[in-house]
Amino acid sequence: MTTLSTEKGLRSAGTDLTSVSLGRKVKDRAVQGLVYLAFALAVVPLVSVLWTVLVNGLERLDLTFFQFSMNAVSGSDPGGGAYHAIVGTLQQVLICSLIAVPLSVLTAIYLVEYAGNGRLGKIISFTVDVMMGIPSIVAGLFVLALWLLTFGFDFSGFAGALSLTILMIPTVTRSAEEMLKLVPNDLREASYALGVPRWRTVLFVVLPTAMTGMVTGVMLAVARVMGETAPLLLTIFFTKAINNDPFNGPQASLPTFIWEQAADPNQNSIDRAWTGALVLIAIIMLLNLLARLVARRTAAKSR
């Protein structure tokens, strides 16, 4: 009775319970405007960079660019291509991934499933955090000092892949660790209740559940290291010829190709640098799309 009388009193006074005051509407619109402004400030520079690279990169985007190298082509000469750099980048990133991904995933599994609050786990976690803040040129200097100067190996694509591995391991480890932490403990406990050993639980229960996020993290890490230039300048050296052997002799890459061509004041070299940047962005975007496709298919199968 009290509630009904109160509601009748409000209605009789002309008060609508669903109405919003003018002050709240003004605040809501102001916050929405700030959100849209922040979005524009974040998107406009990105769109500007992509548009600039696209417009300038289309000048030399032809079959010649993908079929030929820069061997016997000077900076002022027309023609030439980045075939040698594309091959070098793909090989270096592939070697880097083959080394970094298993080590990173195993490290993440140990930190989440086995380390607990132990001292070794804390040391490993602290080391991973420190490695994530290492400048890329430091990784190149480390490989240069150890692999090339101390052990006496020559410049090669493999040396560049080692420097990229140092940068990729902490990123994949941290992303895989976070994905494993998101797996509900109920799944682990149900598996243990059935008498399944821990290693089989991790292999057949935990990893498939976290696979979607882990694949995305790996592909994002690959996209990050693919654009690194500083460590490659110190480890793979420069070459204009095609070198399909990453373990023997200097090897080109797209980042060093862009750096070398952009340093040349001739317009033909600058055009090749813009096209190389466009191709590098396209490869990274394709890898991101591939990661999302794999993640969706993995999620669909897990359901």
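This report looks at helix packing and aromatic residues in one predicted model.

Local features need pLDDT of at least 70, and side-chain atom pairs count only at pLDDT 80 or more, while totals for chains, interfaces and linings use all residues. Residues are numbered from 1 along each chain as its sequence is written, and side-chain values use heavy atoms, with hydrogens and water left out.

**Helix packing**

Helices here are DSSP runs (H or I, at least four residues), numbered from the N terminus. Axes are lines fitted to C-alpha atoms over the stretch in contact, and angles run from 0 to 180 degrees between N-to-C directions. Helix H7 spans residues 157-181 and helix H9 spans residues 198-226. Helix H5 covers residues 119-132.

| Helix pair | Angle | Axis distance |
|---|---|---|
| H7 and H9 | about 150 degrees | 8 Å |
| H5 and H7 | roughly 125 degrees | within 9 Å |

The angle makes H7 roughly antiparallel to H9. That label needs an angle over 145 degrees; under 35 is roughly parallel, 65 to 115 roughly perpendicular, and the rest oblique. H5 is oblique to H7.

Handedness comes next. The H7 and H9 crossing is right-handed, whereas the H5 and H7 crossing is left-handed. A crossing is left-handed if the near helix is turned anticlockwise from the far one by less than a right angle, and right-handed if clockwise.

Which residues meet? Contact means heavy atoms within 4.5 Å. In H7, residues including Leu164, Leu167 and Met168 meet H9 residues, among them Val206, Leu207 and Ala210. This contact has 15 nonpolar, four polar and one charged residues. From H5, Ser125, Val128, Asp129, Met131 and Met132 meet Ile166, Pro170, Thr173 and Arg174 in H7. Here the classes are five nonpolar, two polar and two charged. Nonpolar covers Ala, Val, Leu, Ile, Met, Phe, Trp, Tyr, Cys and Pro; charged covers Asp, Glu, Lys and Arg; the others, Gly among them, are polar.

**Aromatic residues**

The structure holds nine aromatic pairs. In one of them, Trp147 and Phe153 are stacked, 4.2 Å centre to centre with 10 degrees between the planes. Rings of Phe, Tyr and Trp (its six-membered ring) pair if their centres lie within 6.5 Å; planes under 30 degrees apart are stacked, over 60 edge-to-face, and the rest tilted.

Trp147 is partly exposed at 22% relative accessible area. Phe153 is partly exposed at 42%. Partly exposed lies between buried (under 20%) and exposed (over 50%), using a 1.4 Å probe and protein chains only.

Trp259 sits in helix H11, residues 254-262. Trp259 is partly exposed, at 47% relative accessibility. Leaving out residues up to four places away in sequence, Trp259 touches Thr229, Leu233 and Phe238.

Key:
Helices (H or I, at least four residues) and strands (E, at least two) are DSSP runs, numbered from the N terminus.
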